[in-house]
Amino acid sequence: MYEDELAERFRRINGDHPMTPADDAYVTAQFTELEELCAAEGHDPGAVRLTMLAGLLPLPGYLRSDGAEMVPRDLFALTERAGGPERLEAWFTAHWADRSVGRREWEAYLSGQYVCLHSVSPAMIQRKERLTAAITAAPSEPDAGSAGWTARLHALIDELDALEPAFSTYDRLRFGGPTSRDVCVDAMRARYPRGAAIATGS
């Protein structure tokens, strides 16, 4: 029940991009089927889909090529912490001092596109934002290229690496380009090798 409506909402947000066999394998390893999670935790799948459509729970992170709705294994964790789906938005947005930022993050959370974290919570979202901002700004620091700077940079990269999954080809299609892992982990490690003496030229 409500599968078609949920799939239509998902594609309206993410576009209609193909899922390759490699994408399917990645998603199956990282996520779980909504039906299976509901069976394991005692939820009615139709009621959960309706709650998603009502904007009280995030949409699935992926639709596998067989149509399975793939969701995080801890999909219901934040709802339980908030005291129910009706209280989740207020609980979630209260983690940001700027209400407009909290509202923007809530909308992003509902879209199901927060597949950039192994576990999604306001604290993890904020930590990821701080890490990506610090990594992006690092090449402009006065001591850029020094041994101490390189060590600090790689500590930030390693922490972000631990927070983020690998992503899939599908993600790069729906997001229209490289992921935060591509830019802030892989590219930065290649540009600034660990332990190397670096001349920044700036």
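Helices are runs of at least four residues assigned H or I by DSSP, and they are numbered from the N terminus. In this predicted model, Ala7 is found in helix 1. Ala7 counts as buried because its relative accessibility is 15%, and the cut-off for a buried residue is under 20%. Ala7 and Leu63 lie 56 residues apart along the chain, yet 7.5 Å separates their C-alpha atoms.

The overall content of the model was examined next. The protein has 11 helices and 3 strands. In sequence order, these elements follow the pattern α-α-β-α-α-β-β-α-α-α-α-α-α-α. The C-alpha trace spans about 60 × 40 × 30 Å along its principal axes. Of the 202 residues in the protein, 45% are buried. Among contacts with a separation of 6 or more, 71% are between residues 24 or more positions apart.

Helix 4 covers residues 45-53. This helix is largely enclosed by the rest of the structure, because 7 of its 9 residues are buried. The buried residues are Pro45, Gly46, Val48, Arg49, Thr51, Met52 and Leu53. The partners against which they pack are helix 1, helix 3 (34-41), strand 3 (69-71) and helix 6 (85-93). Helix 1 is also the element that holds Ala7. Just after helix 4 comes Gly55, with a positive phi of about 80 degrees.

Tyr2, which is not a glycine, has a positive phi of about 75 degrees. Tyr2 belongs to the segment before helix 1 (3-14). With a relative accessibility of 26%, Tyr2 counts as partly exposed. In Phe167, likewise a residue other than glycine, phi is positive and near 70 degrees.

Phe167 lies in the loop between helix 9 and helix 10 (169-174). Its relative accessible area is 7%, so Phe167 is buried. Apart from neighbours within four places in sequence, Phe167 is in contact with Tyr26, Val115, Cys116, Arg172, Thr179, Ser180 and Arg181.

The packing of helix 8 on helix 9 was then considered. Two packed helices are described by the angle between their axes and the distance between the axes. For helix 8 (residues 122-137) and helix 9 (residues 147-163), the angle is about 145 degrees and the axes are 10 Å apart. The crossing of helix 8 past helix 9 is left-handed. On the side of helix 8, the contact involves Met124, Arg127, Lys128, Leu131, Thr132, Ala134 and Ile135. From helix 9, Leu153, Leu156, Ile157, Glu159, Leu160 and Leu163 take part. By class, this contact comprises 9 nonpolar, 1 polar and 3 charged residues. An α-helix has 3.6 residues a turn, so residues three or four places apart point the same way.

One of the charged residues in this contact is Lys128, which is placed in helix 8. Lys128 counts as buried because its relative accessibility is 10%. Leaving out residues up to four places away in sequence, Lys128 touches Cys116, Leu117, Leu160, Leu163, Glu164 and Ser180. Among these, Leu160 and Leu163 belong to the helix 9 side of the contact with helix 8.

The largest pocket holds about 320 Å³ of space. It is lined by 18 residues, of which Phe31, Pro72, Asp74, Tyr114 and Val120 are the closest to its centre. By class, its lining has 12 nonpolar, 4 polar and 2 charged residues.

The second largest pocket holds about 170 Å³ of space. Its lining consists of Ala108, Ser111, Gln113, Tyr114, Cys116, Lys128, Phe167, Phe175, Pro178, Thr179 and Ser180. By class, these comprise 6 nonpolar, 4 polar and 1 charged residues. Lys128 and Phe167, described above, are both part of this lining. Cys116 and Ser180 also line this pocket; Lys128 touches both of them, and Phe167 is in contact with both of them. Tyr114 lines the second largest pocket and is among the residues closest to the centre of the largest pocket.

How values were computed:
Residues are numbered from 1 along each chain as its sequence is written. This is a predicted model: local features need pLDDT of at least 70, side-chain atom pairs count only at pLDDT 80 or more; totals for chains, interfaces and linings use all residues. Side-chain values use heavy atoms; hydrogens and water are left out. Axes are lines fitted to C-alpha atoms, for helices over the stretch in contact, and angles run from 0 to 180 degrees between N-to-C directions. Helices (H or I, at least four residues) and strands (E, at least two) are DSSP runs, numbered from the N terminus. A crossing is left-handed if the near helix is turned anticlockwise from the far one by less than a right angle, and right-handed if clockwise. Contact means heavy atoms within 4.5 Å. On a 1 Å grid over the protein atoms alone, a cavity is a set of points where a 1.4 Å probe fits but cannot get out, and a pocket is an open set with protein on both sides within 12 Å along at least five of seven lines; lining residues have an atom within 4 Å of a point. Grid points are joined across faces, edges and corners, and a volume is the space filled by probe spheres set on the points. Buried means under 20% relative accessible area, exposed over 50%, partly exposed in between (1.4 Å probe, protein chains only).
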